[in-house]
Amino acid sequence: MCRGLQQYPGVRDMYRLAEKVLGYDLLSLCLEGPRDALDRTQHCQPAVFVASLAAVEKLNHLQPEVVERCVAAAGYSVGEFAALVFAGALDFAEGAWGTIDISRRVNNCPFLRAGARAHIYAASLFLSVALYAVKVRAEAMQKASEAVPSGMLSVVGRREANYKFACLEARKHCESLGIENPVCTVSNYLFPDSRVIAGHLQALEFLQENARKYYFKRTKLLPVSGAFHTRLMEPAIEPLAEVLKSIEIQKPLFSVYSNVDGKKYMHSKHIQKLLVKQVVSPVLWEQTMHSVYERKQGTEFPYTYEVGPGNQLGAILKQCNLKAWKQYKHVDALEDEEAAET
């Protein structure tokens, strides 16, 4: 991850700063592994966060007008911090923004004058103060995950699928095994007929074994360590809330959409409150897509850029809104790998 992006201005500086913030060499971990360490929540979230900003540097180098003309942002899970960073709501190292100068954007950007048609998906962007919050969040979520055997199950269902009923029966199954107050609930709304269900491992195994009964076409356990965006993450609330209190949050320069309700953030206190709530609330990504792309019939759709490792958000957008997807582009943190190694 990110090897090929080191050729772009500012990327190495980002990783030097990240090492100071995180207390370990994130660049070496991304380049050399070991993979099982990189996959741990406490490392994975910061890694994706920084690699995505490296991809933003690439976009800024190749098409600076796209960065300057952005009018809205949305980030998936930890990427929501990134979206807020990109929108100027979260600060960077006492005001520095790598090679993308926010003051220049504020003074010169066309979107502040004419509303240029561009959206940025901040799959994860990065500022160091925000990175410290991500570090605290990731470590707290890792610790919460280790307290209870839990996980997440990706499900593609038929139209007849009743996810709430399936989760209810999975919880009853857990109770029959002697598990008190079991958790099994929809944690991510991806696109029509696709959900992520999170909770106790026994509940997820029950759903896989009974997939046909609940009209699930496909199920897959995700390679994550816990039931994120459920109440099993409640131990992570206080550490994140405390660090967010110490961070100065500004009103975003342009619209940023919250995972919690799919609506635009209104002010700094709203941001602080919902970033904490997001840890234990389902990610309403499908609903967010409807909010972002809602427009009168005949109105042209904006250009959409997904910035970061992987193109999962683009695949989801295609399922949610095919017309909007036709204006979609991906700026990857991985595609330059082969070129960098030759």
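Student: How many salt bridges does the count come to?

Tutor: The model is a predicted one. Side chains of opposite charge can pair when their charged atoms come close. By the rule used here, the salt bridges come to a count of seven.

Student: Arg40 forms a salt bridge with which residue?

Tutor: Arg40 lies in the loop between helix 3 and helix 4, and its partner lies in helix 8, so the pair ties together parts that are 106 residues apart in sequence. With the closest N and O atoms 3.0 Å apart, the partner of Arg40 is Glu146.

Student: Is Lys135 buried or exposed?

Tutor: Lys135 is in helix 8 (residues 128–147). Lys135 forms a salt bridge with Glu139, and the two residues are four apart, about one turn of the helix. Buried means under 20% relative accessible area. The value for Lys135 is 14%, so Lys135 is buried.

Student: How are helix 13 and helix 14 placed relative to each other?

Tutor: The axes of helix 13 (residues 285–293) and helix 14 (residues 312–320) are 10 Å apart, and the helices pack at an angle of about 70°. Angles of 65 to 115 degrees count as roughly perpendicular. Helix 13 and helix 14 are therefore roughly perpendicular.

Student: In the contact of helix 13 with helix 14, how many residues are nonpolar?

Tutor: The contact includes Trp285 and Met289 of helix 13, and Leu313 and Ile316 of helix 14. By class, one residue is polar, one is charged, and the number of nonpolar residues is seven.

Key
Residues are numbered from 1 along each chain as its sequence is written. This is a predicted model: local features need pLDDT of at least 70, side-chain atom pairs count only at pLDDT 80 or more; totals for chains, interfaces and linings use all residues. Side-chain values use heavy atoms; hydrogens and water are left out. Axes are lines fitted to C-alpha atoms, for helices over the stretch in contact, and angles run from 0 to 180 degrees between N-to-C directions. Angles under 35 degrees count as roughly parallel, over 145 as roughly antiparallel, 65 to 115 as roughly perpendicular and the rest as oblique. Contact means heavy atoms within 4.5 Å. Ala, Val, Leu, Ile, Met, Phe, Trp, Tyr, Cys and Pro count as nonpolar, Asp, Glu, Lys and Arg as charged, and the others, Gly among them, as polar. Buried means under 20% relative accessible area, exposed over 50%, partly exposed in between (1.4 Å probe, protein chains only). A salt bridge is a side-chain nitrogen of Lys or Arg within 4 Å of a carboxyl oxygen of Asp or Glu.
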